[in-house]
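User: I am new to this structure and would be grateful for a close look at a single part of it. Please set out the salt bridging and what surrounds it.

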Amino acid sequence: MFIVNKIANNINSGTMICTLVLSDVYRSVILYLLQLANHFCNSVGVLQQDSVPIGQDADNKDAASSAGNQDGTTVLFASLITQTAKDIDILIDSLPSHEYTEDMQVQNLQKLETENQEHCKLLRETISKGEALLECVCNAQEEVADTQLQLRAQLSASLPQ
């Protein structure tokens with residue numbers, strides 16, 4: 001899920017895949033938030049179950065709270081809430097920042113344009129080198145063909161008829 005930077009290098013479909021990965025992260029954050037809300041609701045239920053009505057004496061209150069904590073549900077829900085909050089924090093940190101200003105975008109576009117021009121220049125040089133090599137190969141083929149024709153002509157002239 002956290003491969004946004006690697007996928008973004010693919011120019012043709014990078015934007016689409018990057019968007020899909022980000023939507024998966026957003027979906028996961030929403031699911032974790034729903035899970036966190038569920039844990040809060042269940043923990044409130046446990047607290048209500050373990051609570052003592054107002055007006056009872058302190059002895060009953062201590063007995064009820066110790067009995068409620070014995071089953072470990074309070075600790076369980078505390079750890080579930082903590083773990084879910086950590087998961088949400090990790091997912092939110094994995095989202096890209098929206099600190100791009102218009103100036104930063106212009107700078108990035110200028111950088112990309114410069115890189116594009118450099119690559120175009122390199123491509124033109126490579127094409128001209130390839131064309132020069134192709135011309136050399138064609139000249140060599142012509143020389144080989146001319147030599148073969150000359151040898152055949154000499155061979156046919158030297159053979160008795």
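Analyst: The following account begins with the basis of the model and then turns to helix 2.

This is a predicted model, in which local features need pLDDT of at least 70 and side-chain atom pairs count only at pLDDT 80 or more, while totals for chains, interfaces and linings use all residues. Residues are numbered from 1 along each chain as its sequence is written, and side-chain values use heavy atoms, with hydrogens and water left out.

A search of the whole structure finds 1 salt bridge, a term for a side-chain nitrogen of Lys or Arg within 4 Å of a carboxyl oxygen of Asp or Glu. The partners are arginine 27 and aspartate 24, whose closest N and O atoms are 3.1 Å apart. Both lie in helix 2 (residues 14–50), 3 residues apart, and are therefore separated by about one helical turn. Helices here are DSSP runs (H or I, at least four residues), numbered from the N terminus. Arginine 27 is partly exposed at 48% relative accessible area, and aspartate 24 is partly exposed at 34%; buried means under 20%, exposed over 50%, and partly exposed in between, with a 1.4 Å probe and protein chains only.

Helix 2 also holds isoleucine 30. Together with Leu31 and Leu34, Ile30 makes a nonpolar surface patch of about 310 Å². Such a patch joins nonpolar side chains (Val, Leu, Ile, Met, Phe, Trp, Tyr) within 5 Å, from residues with over 30% relative accessible area and no salt bridge; the areas come from the Shrake-Rupley method with a 1.4 Å probe.

Definitions and conventions: Helix = DSSP H or I, 4+ residues; strand = E, 2+ residues; numbered from the N terminus. Patch = residues over 30% accessible without salt bridge, like charges linked within 9 Å, V, L, I, M, F, W, Y side chains within 5 Å.
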